[in-house]
Amino acid sequence: MPLKTLFLSPPSYEGFDGGAGSRYQARREVRSFWYPTWLAQPAALVPGSRLIDAPARGLRTEDVVPLAHQYELAVLHTSTPSFRSDVRVAEALKEANPNLAVGFVGAHVAVAPEASLRASWAIDFVARNEFDFTIQEVAEGRPLAEIDGLSFRSGDRIVHNRERATLEDMDRLPFVSEVYARDLVIEDYFIGYLLHPYVSLYTGRGCRSRCTFCLWPQTVGGHRYRTRSVGHVIDEMKWAKAAFPQVKEFFFDDDTFTDNLPRAESIARELGKLGVTWSCNAKANVPRASLKVLRDNGLRLLLVGYESGNQQILHNIKKGMLVDVARRFSKDCHDLGITIHGTFILGLPGETRETIEETIRFATEINPHTIQVSLAAPYPGTFLYHQAVREGWLDVEHAELVDASGVQVAPLHYPHLTHTEIFDSVETFYRRFYFRAGKIASIVGEMLLSPVMMKRRLREGVEFFQFLRERRAVVS
Ligand code: SF4
């Protein structure tokens with residue numbers, strides 16, 4: 001019998017999209033939650049376990065602490081922005097039930113296992129990097145000293161076991177959607193640009209690109225795209241389609257689903273037979289012929305990380321992308337009727353007032369349907385973090401990456417560009433992109449076509465302006 005195990009995305013800042021599936025943990029412009037997929041995966045390997053996603057459910061610490069008595073093991077997913085608050089939750093659980101074994105997982109503890117364990121008496125162990133089977137073995141009650149990939153407390157000592165071998169046979173991972181159905185309320189999960197309700201899952205891990213800021217490939221995922229077989233993915237999709245008849249869209253949240261185009265096209269053809277609407281992450285270099293195959297088989301939207309409209313910045317961050325290729329790709333998507341949600345980052349190495357202007361102009365020219373503008377976030381464990389520390393671009397007081405309410409700060413500054421200038425440029429970017437006659441008309445048109453969309457966009461509009469007001473209050 002495995003230990004009675006609770007998998008917990010801990011309570012955090014109000015509306016914090018920081019669960020075990022969020023790449024950049026922060027309170028977003030509009031209510032937004034990714035599925036806690038990285039916790040659902042080990043939960044699927046531990047019979048009788050339960051997954052609780054506190055932020056998405058609106059649960060606070062006092063709501064989850066009474067559960068401590070019901071379990072023998074609690075596994076908490078943490079991140080750099082939420083670590084301090086996650087430690088407080090762990091301590092509250094442990095105070096309520098001193099016999100509860102508490103472990104942390106996630107990129108933050110994978111990068112700094114020793115410091116994480118020393119941060120609190122309440123953390124008994126951390127599972128490093130890819131932790132699914134590490135946690136399964138802990139839950140089976142194996143001696144901690146024998147579990148690869150684990151760091152644990154032994155008296156006053158911290159012990160680091162050897163690394164766990166990278167998972168190659170991805171079909172060994174059971175379906176996360178079964179855990180979603182068992183433990184989550186799928187209507188809790190909103191992403192502004194995805195239809196609602198949506199379900200997201202991974203068909204593979206890792207990304208072949210080496211973008212210097214990007215956390216997961218440099219920590220838990222690696223730079224090889226390790227994939228589940230087409231049949232395994234489609235079996236899960238058939239199951240999920242039947243289990244969630246209300247779902248309007250499936251999202252493949254692989255770092256770059258289009259990294260293996262023949263496979264992406266094979267999956268698409270099978271999805272076409274199922275008749276589902278789906279979306280995925282993509283790099284802005286997918287050839288038109290492949291886009292057409294994906295579109296013809298149910299692809300609705302691509303989430304595309306453009307990051308910058310300045311070629312030198314793309315080189316500086318090792319994006320492996322040419323601005324002109326991204327232009328052509330965007331035009332192909334428009335021609336084929338594929339919606340784009342474009343993401344941009346301000347404050348990357350090489351940023352100047354001029355490059356910010358260039359990126360805003362680039363965004364309005366390629367005109368994704370919606371955009372997200374983030375501040376460059378140097379996560380520990382990334383090339384960008386080491387570069388920023390070495391160059392003196394990162395101040396200690398900004399190292400947690402969010403402010404007291406969970407909103408992103410501008411952690412980096414340059415001799416020619418201050419924190420405040422970078423921070424303020426996000427609002428300028430949003431205003432210049434959305435407050436154009438053509439863009440307003442397209443959003444109003446979308447609202448007029450659907451009462452559901454009308455209600456949703458109005459709510460998001462209120463949240464968006466409130467978010468901007470709060471950001472301004474932080475700096476004034
Ligand atoms: S292409 Fe996307 S997922 Fe891959 S390393 Fe770059 S930012 Fe990360």
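Tutor: Angles under 35 degrees count as roughly parallel, over 145 as roughly antiparallel, 65 to 115 as roughly perpendicular and the rest as oblique. Helices (H or I, at least four residues) and strands (E, at least two) are DSSP runs, numbered from the N terminus. The model is predicted: local features need pLDDT of at least 70 and side-chain atom pairs pLDDT 80 or more, while totals for chains, interfaces and linings use all residues. Residues are numbered from 1 along each chain as its sequence is written, and side-chain values use heavy atoms, without hydrogens or water.

Student: OK. At what angle do α10 and α11 cross?

Tutor: Roughly 30°, and the axes come within 10 Å. α10 covers residues 230-243 and α11 covers 261-274. Axes are lines fitted to C-alpha atoms, for helices over the stretch in contact, and angles run from 0 to 180 degrees between N-to-C directions. The two helices are therefore roughly parallel to each other.

Student: Left-handed or right-handed crossing?

Tutor: Right-handed for α10 and α11.

Student: Which residues of α10 and α11 meet?

Tutor: From α10, Val230, Val233, Ile234, Met237, Lys238 and Lys241; from α11, Arg263, Ser266, Ile267, Glu270, Leu271 and Leu274. Contact means heavy atoms within 4.5 Å. By class, this contact has seven nonpolar residues, one polar and four charged. Ala, Val, Leu, Ile, Met, Phe, Trp, Tyr, Cys and Pro count as nonpolar, Asp, Glu, Lys and Arg as charged, and the others, Gly among them, as polar.

Student: And how does α8 pack on α10?

Tutor: Helix α8 (residues 176-183) packs at about 20° to α10, with the axes 9 Å apart. The pair is therefore roughly parallel as well, and the crossing of α8 and α10 is left-handed. On the α8 side the contact residues are Val176, Ser177, Glu178 and Ala181, and they meet Glu236, Trp239 and Ala240 of α10. Those divide into four nonpolar, one polar and two charged.

Student: Switching to sheets. What is the strand order in the seven-stranded one?

Tutor: β4-β1-β5-β6-β7-β8-β9, an open sheet with mixed pairing. Two strands pair if DSSP finds at least two bridges between them. At the edges are β4 (50-53) and β9 (157-160), each with a single partner strand, so one side of each has no neighbour in the sheet. The twist from one strand to the next averages 20°.

Student: Which strands do α1 and α4 lie across?

Tutor: α1 (residues 37-45) lies across β1, β4, β5 (73-77) and β6 (101-105), at about 170° to β1. α4 (residues 83-96) lies across β1, β5 and β6, at about 165° to β6.

Student: What about the six-stranded sheet?

Tutor: It is open, ordered β10-β13-β14-β15-β16-β17, with parallel pairing. Neighbouring strands are turned by 20° on average, direction ignored. As one example, β13 (residues 249-252) and β14 (residues 278-282) are joined by three bridges, and Phe252 has Cys280 as its bridge partner.

Student: How many aromatic pairs are there?

Tutor: 20 over the whole structure. Rings of Phe, Tyr and Trp (its six-membered ring) pair if their centres lie within 6.5 Å; planes under 30 degrees apart count as stacked, over 60 as edge-to-face and the rest as tilted. Trp34 and Tyr198 have centres 6.2 Å apart and planes at 85°, so that pair is edge-to-face. Trp34 is in the loop between β3 (26-27) and α1, Tyr198 is in strand β10 (residues 198-201), and they are 164 residues apart.

Student: Which peptide bond is cis?

Tutor: The one from His196 to Pro197, with omega near -5°. Pro197 is in the loop between α8 and β10.

Student: And what is the phi of Asn129?

Tutor: Near 40°, a positive value in a residue other than glycine. Asn129 is in the loop between β7 (125-127) and α7 (132-139). Most residues other than glycine have a negative phi, and most peptide bonds are trans.

Methods:
Left-handed = near helix turned anticlockwise from the far one by under 90°.
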